[in-house]
Amino acid sequence: MKQVTRSIVVAAAPARAWEGFTDRINQWWPREHSHCQEAALDRIFIDLTQGFWGERSLAGKIESWGIARSPTPGRTLELGWQMDATVQPWRAEPDPAKASLITVDFTPEGEGTRVTLRHDGFERHGPGAAEMIRVMIGLDRWADWLEDYARSL
């Protein structure tokens with residue numbers, strides 16, 4: 001089973017690191033990696049109250065990217081990655097059973113926080129699994145995105 005694990009230590013206390021990842025994802029997530037395209041994008045969000053994450057267009061259309069939950073509030077975040085990689089550009093996959101899982105842990109380390117992200121379950125993407133692995137592991141998207149996140153704090 002393929003998976004990717006990336007870790008970064010950020011110069012922020014765990015509560016601030018958590019808030020920067022969840023409440024301020026719109027400040028660091030690359031806008032070009034949205035379904036509605038940059039010019040039409042209002043914001044990217046994680047909504048733990050409603051239990052999903054995704055994007056909202058300027059026209060008000062919300063597109064879910066998958067589940068969002070916190071089994072250990074302020075410490076562990078789980079995100080479903082409901083993407084269909086069989087089409088270009090990728091579209092949201094409506095079936096949650098076809099989502100891979102992203103787990104993000106926030107652990108105090110020295111004066112900061114170690115943020116460890118694991119993305120696995122790519123086989124759930126079915127025919128799109130090979131493309132998902134090529135992009136998410138082969139192009140190492142999470143390494144870049146975690147750097148963007150760290151710079152935003």
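The model is predicted, and local features need pLDDT of at least 70 while side-chain atom pairs count only at pLDDT 80 or more, although totals for chains, interfaces and linings use all residues. Residues are numbered from 1 along each chain as its sequence is written, and side-chain values use heavy atoms, with hydrogens and water left out. Helices (H or I, at least four residues) and strands (E, at least two) are DSSP runs, numbered from the N terminus.

**The sheet**

- An open sheet is formed by 7 strands in the order β1-β9-β8-β5-β4-β3-β2, with antiparallel pairing, where two strands pair if DSSP finds at least two bridges between them.
- The edges are taken by β1 and β2 (41–47), each with a single partner strand, so one side of each has no neighbour in the sheet.
- On average, neighbouring strands of this sheet are turned by 20 degrees against each other, direction ignored; axes are lines fitted to C-alpha atoms, for helices over the stretch in contact, and angles run from 0 to 180 degrees between N-to-C directions.
- Helix α4 packs on the sheet and touches β1, β5, β8 and β9, its direction making about 20 degrees with that of β1, where contact means heavy atoms within 4.5 Å.
- Strand β8 (residues 100–109) pairs with β9 over 9 bridges in the antiparallel sense, and Leu117 in β9 is the bridge partner of Val104.

**The nonpolar core**

- The largest nonpolar core has 35 residues, of which Phe21, Trp29, Trp53, Trp81, Phe106, Met136 and Tyr149 touch the most other members; such a core is a set of buried Ala, Val, Leu, Ile, Met, Phe, Trp, Tyr and Cys residues joined through side-chain atoms within 4.5 Å.
- Helix α4 (residues 141–152) gives the most to this core, with 4 residues.
- Leaving aside neighbours within four places in sequence, Phe21 has contacts that include Trp28, Ile46, Val104, Leu117, Leu146 and Tyr149.

**Helix α3**

- In helix α3 (residues 129–138) the buried residues are Ala129, Met132, Val135 and Met136, where buried means under 20% relative accessible area, exposed over 50% and partly exposed in between (1.4 Å probe, protein chains only).

**Aromatic residues**

- There are 18 aromatic pairs, counted when rings of Phe, Tyr and Trp (its six-membered ring) have centres within 6.5 Å, with planes under 30 degrees apart called stacked, over 60 edge-to-face and the rest tilted.
- The rings of Trp81 and Trp145 have their centres 6.4 Å apart and their planes at 50 degrees, so this pair is tilted.
- Trp81 lies in strand β5 and Trp145 in helix α4, so the pair ties together parts that are 64 residues apart in sequence.
- Trp81 counts as buried at 4% relative accessibility, and Trp145 counts as buried at 4%.

**Pro14 in helix α1**

- Pro14 lies in helix α1 (residues 14–22) and is partly exposed, with a relative accessible area of 24%.
- Although Pro14 and Phe106 are 92 residues apart along the chain, their C-alpha atoms are separated by 6.2 Å.
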